Amino acid sequence: MASVGQCALAEEQLRVLEENFTKVTKHPDQVTLVLIAAEAGLTEEETAKWFRMRNAQWRQAEGLPAELGSVKD
């Protein structure tokens, strides 16, 4: 199990989150976030936090700054 903050995630929840991250969007809008949260059985807040953390991890792996919009010219 992985976790979002203090909340441990089940394997199926992680599968749903990762699938949406890789196949749907890395930055879900509010409606998409609600749908993903419902599918994963998580709250919107937990889902949004997971996406923020996962995006930072992805950006770091790509050699980009962890925060969106922090690239300086």
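**Buried and exposed residues in a predicted model**

Colleague: Which residues are buried in α1?

Modeller: In α1, the buried residues are Gln13, Val16, Leu17, Asn20 and Phe21. Buried means under 20% relative accessible area, exposed means over 50%, and partly exposed is in between (1.4 Å probe, protein chains only). This is a predicted model, in which local features need pLDDT of at least 70 and side-chain atom pairs count only at pLDDT 80 or more, while totals for chains, interfaces and linings use all residues. Residues are numbered from 1 along each chain as its sequence is written, and side-chain values use heavy atoms, with hydrogens and water left out.

Colleague: What span does α1 have?

Modeller: From first C-alpha to last, the 13 residues of α1 reach 18 Å, close to the 18 Å expected at 1.5 Å a residue. The expected span is 1.5 Å times one less than the number of residues.

Colleague: Asn20 was in that buried list. Why does asparagine 20 count as buried?

Modeller: Asparagine 20 counts as buried because its relative accessibility is 9%. Its side chain reaches the backbone oxygen of valine 16 at 2.8 Å. Not counting residues up to four places away in sequence, asparagine 20 touches Thr25, Ile36, Glu39 and Phe51. Contact here means heavy atoms within 4.5 Å.

Colleague: New topic. What is the secondary structure of the whole chain?

Modeller: The protein chain has three helices and two strands, in the order β-β-α-α-α along the sequence. Helices (H or I, at least four residues) and strands (E, at least two) are DSSP runs, numbered from the N terminus.

Colleague: How many residues are in the largest nonpolar core?

Modeller: There are 11 in all: Leu9, Val16, Leu17, Phe21, Leu33, Ile36, Ala40, Leu42, Ala48, Trp50 and Phe51. Each of α1, α2 (30-40) and α3 (44-61) supplies at least two residues of this core. Such a core is a set of buried Ala, Val, Leu, Ile, Met, Phe, Trp, Tyr and Cys residues joined through side-chain atoms within 4.5 Å.

Colleague: What about the chain as a whole, in terms of buried residues?

Modeller: Of the 73 residues in the protein chain, 29% are buried. Among contacts between residues at least 6 apart in sequence, 44% join residues at least 24 apart.

Colleague: Now α3. Which of its residues are buried?

Modeller: In α3 they are Thr47, Ala48, Trp50, Phe51, Arg54, Asn55, Ala56 and Arg59. The helix has 18 residues and reaches 25 Å from its first C-alpha to its last, close to the 26 Å expected. Glycine 63 follows α3, with a positive phi near 80°.

Colleague: What does asparagine 55 touch?

Modeller: Leaving out residues up to four places away in sequence, asparagine 55 touches Phe21, Lys26 and His27. Asparagine 55 counts as buried, at 7% relative accessibility.

Colleague: Last one. Is arginine 52 buried or exposed?

Modeller: Arginine 52, found in α3, is exposed, with a relative accessible area of 54%. Arginine 52 and glutamate 67 are 15 residues apart in sequence and 9.0 Å apart in space, C-alpha to C-alpha.

Key
A polar contact is a pair of N or O atoms within 3.5 Å; within protein, one must be able to donate a hydrogen and the other to accept it, and residues adjacent in sequence count only if both atoms are side-chain atoms.
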